[in-house]
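Biologist: I would like to learn how to read a structure. Can you take me through some features, one at a time?

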Amino acid sequence: MGKTQIIEKLFLPILTYSFLLPVVISLVYFNKAKPRSVLLIVGGYGVTFFFLNHYFQYLQGFLHRSLYYFIYTLLEYVTFASLIFINIKSKKARFWGICISILFTVFLYLFNFVVRFKSFDSIPIATETLVLLVFSIYFFYEQFKDASSLYIYNHYCFWFTIGILIYLCGSLFIYVFGDQLTPEQVNQFWFFTYVVEIIKNLLFTIAIIIYSRKSNFKPEKINIPYLDIKEL
Amino acid sequence: MFFLQVTTHSDVSLVLFLGTLGMLVLVIGLILFIIFHQRRVIRYQQKLQDLEIEQQKMMLTASIKLQEEERQRLAADLHDDAGPLLATARLYLNENLVNQDKSTQLQSIYQARQIIDDTIQLIRNISHSLMPPTLKNFGLESAVNDLFQKISGSGTINASSRFHDYSERLKPEKELVVFRIIQELVNNILKHSNSSFIHLTENVHGDKFYLRIHHDGRGIVQSDFEKLTKSNIGLGLKNISSRMRVVHGSINFEKDISQTYYKITLELPKDDPYES
């Protein structure tokens, strides 16, 4: 095995265990951060995908390929969409987001169980990327409109969003061509998806730390003596 | 769809490489644009905020300074005029009066009374200049006519005023603010313009109330007014500017088309009719 192949083969275990990094950070800050919904989402995502990747071979044999990809893509989409949705304030946007999500779920189901795809669910992944790209751009647009917001990189959702964008956009073409690639090409290019996914998990960890610190922030007590005028 | 139809291995590699690179460049470009754009917007908002605070500070300083000047003038009037008069009256009414003959006593009492009358008139004048009773009792038209008559009476300048339609008075608070503005403008004209006439006209047009002051001396135009209100000098003009804002009005300084005289126009919204 060449050195490059060894390095590429190392990426998969690194990726698998990188899913646990946000989980560990979430547990560290679990008692301090409020509300805990974000920590629960990220923690659940990390644990689930750790098992999905760690037991990939076993699950591929245990579950039908279509079911495996359906669960994987759906869980990924639901996690990413909910992390962005929590921070979208417009009710109208949330309503349309939910409608699009329902349509996407139906489409995902139909593609995986009705259409016979060759080896990989490329089209649902491409659709997922486009939908989440739209949600991300809308989130940035809302942040621009909000005059009270400070620098955007101080907002935890910014780090979630760029993690999602880097992962989805960096791996889009590889996933889209997934069905057409030969096994040699898969070995050659697939490691790059691991790289962008590891970067995503690192950015998620940064987001959790920022989230926990912001929710933990208590303003300093102002020491003004109590003056009772009646006593003067 | 062209990219999805590649067949050769090198084509796929090239498309994958270029596609992935392009997407990453797009994402990183988007992120950098968002960060830098937002920083620029925040810096611009901060700058606007700082300018507003600076402007408010200047207005407040101007207001305080004018208040102090007014107090000093009042103190000077009372100290220099009323004080010596009352002291003189006291001299006439000293304890030695009982030792003097009746005619001398009567003369001293008469002179003391004269001085006290003069002092009463002086204090009345000071009080009227602070808050003219004509304004409160008879309204803006009477107070302005009164003011212009007194200026004309001094003989140095020809001052006249004409109210075309003031059947419905403005609210008392608004009348006071407008009167102060007119006082300040007239004082400025008398001090700086060296004009031979001042004429004030009043009109109502729709729901707007207009006051126009014309004079033939040295004046300023709107650009000069805006420059002076933003600078450290021109306290009176700053005061006028802030008073106009209080009544939701606007002021315009211009030179007439014929280039023979200057015109100052005050425009403010009309109130609901004043019920006395």
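Modeller: Let us begin with a loop. His248(B) lies in the loop between helix H7 (235-246) and S4 of chain B. Keep in mind that this is a predicted model.

Biologist: What is the phi of His248(B)?

Modeller: First the general idea. Most residues other than glycine have a negative phi. His248(B) is not a glycine, yet its phi is positive, about 55°.

Biologist: Is His248(B) buried or exposed?

Modeller: Compare its relative accessible area with the cut-off: exposed means over 50%. His248(B) has 65%, so it is exposed.

Biologist: Now the strands. What should I know before I look at one?

Modeller: In a regular strand the side chains alternate between the two faces of the sheet. Now take strand S5 of chain B, residues 262-269. This strand is mostly covered, with 6 of its 8 residues buried.

Biologist: Which strands are joined to S5(B) by bridges?

Modeller: Strand S3 of chain B, residues 208-215, is joined to S5(B) by 8 bridges. Those two strands run antiparallel. Strand S4 of chain B, residues 250-255, is joined to S5(B) by 6 bridges. That pair also runs antiparallel.

Biologist: Which residue in S5(B) stands opposite Leu211(B)?

Modeller: Leu266(B) does. For Glu254(B), the bridge partner in S5(B) is Lys263(B).

Biologist: What do S4(B) and S5(B) form, and how many residues lie between them?

Modeller: They form a hairpin, with 6 residues between the two strands. Look at Gln259(B) in the turn: its phi is positive, about 65°.

Biologist: How does chain B read as a whole?

Modeller: Count the elements. Chain B has 7 helices and 5 strands. From the N terminus on, their order is α-α-α-α-β-α-β-β-α-α-β-β. Of its 276 residues, 33% are buried. Then look at contacts with a separation of 6 or more: in chain B, 64% of them involve residues 24 or more positions apart. Chain B exposes about 17700 Å², and carbon and sulfur atoms supply 56% of that area.

Biologist: How many helices and strands are there in chain A?

Modeller: Chain A has 10 helices and 0 strands. Its pattern along the sequence is α-α-α-α-α-α-α-α-α-α. Buried residues make up 46% of the 232 residues in chain A. Among its contacts with a separation of 6 or more, 75% come from residues 24 or more positions apart. The accessible surface of chain A is about 13100 Å², with 70% belonging to carbon and sulfur atoms.

Biologist: How do I describe two helices that pack together?

Modeller: Two packed helices are described by the angle between their axes and the distance between the axes. Take H5(A), residues 65-85, and H6(A), residues 91-113. Their axes come within 10 Å and cross at roughly 170°. Angles over 145 degrees count as roughly antiparallel. H5(A) and H6(A) are therefore roughly antiparallel to each other.

Biologist: Which residues make the contact?

Modeller: From H5(A), they include Leu67(A), Phe70(A), Leu74(A) and Tyr77(A). From H6(A), they include Ile98(A), Ser101(A), Phe104(A) and Leu108(A). By class, this contact of H5(A) with H6(A) has 12 nonpolar, 6 polar and 1 charged residues.

Biologist: How many residues apart along the chain are Ile199(A) and Ile166(A)?

Modeller: They are 33 residues apart along the chain, and their C-alpha atoms are separated by 7.9 Å.

Definitions and conventions. Residues numbered from 1 in each chain as written. Chains lettered and ligands numbered in written order. Predicted model: local features only at pLDDT ≥ 70, side-chain atom pairs only at ≥ 80, totals over all residues. Heavy atoms only, no water. Buried < 20%, exposed > 50% of the residue type's maximum accessible area, 1.4 Å probe, protein only. Helix = DSSP H or I, 4+ residues; strand = E, 2+ residues; numbered from the N terminus. Pairing = 2+ DSSP bridges. Axes fitted to C-alpha atoms, helices over the stretch in contact; angles between N-to-C directions. Parallel < 35°, antiparallel > 145°, perpendicular 65-115°, else oblique. Contact = heavy atoms within 4.5 Å. Nonpolar A, V, L, I, M, F, W, Y, C, P; charged D, E, K, R; others polar. Areas by Shrake-Rupley, 256 points an atom, 1.4 Å probe, with all protein chains shown as cover.
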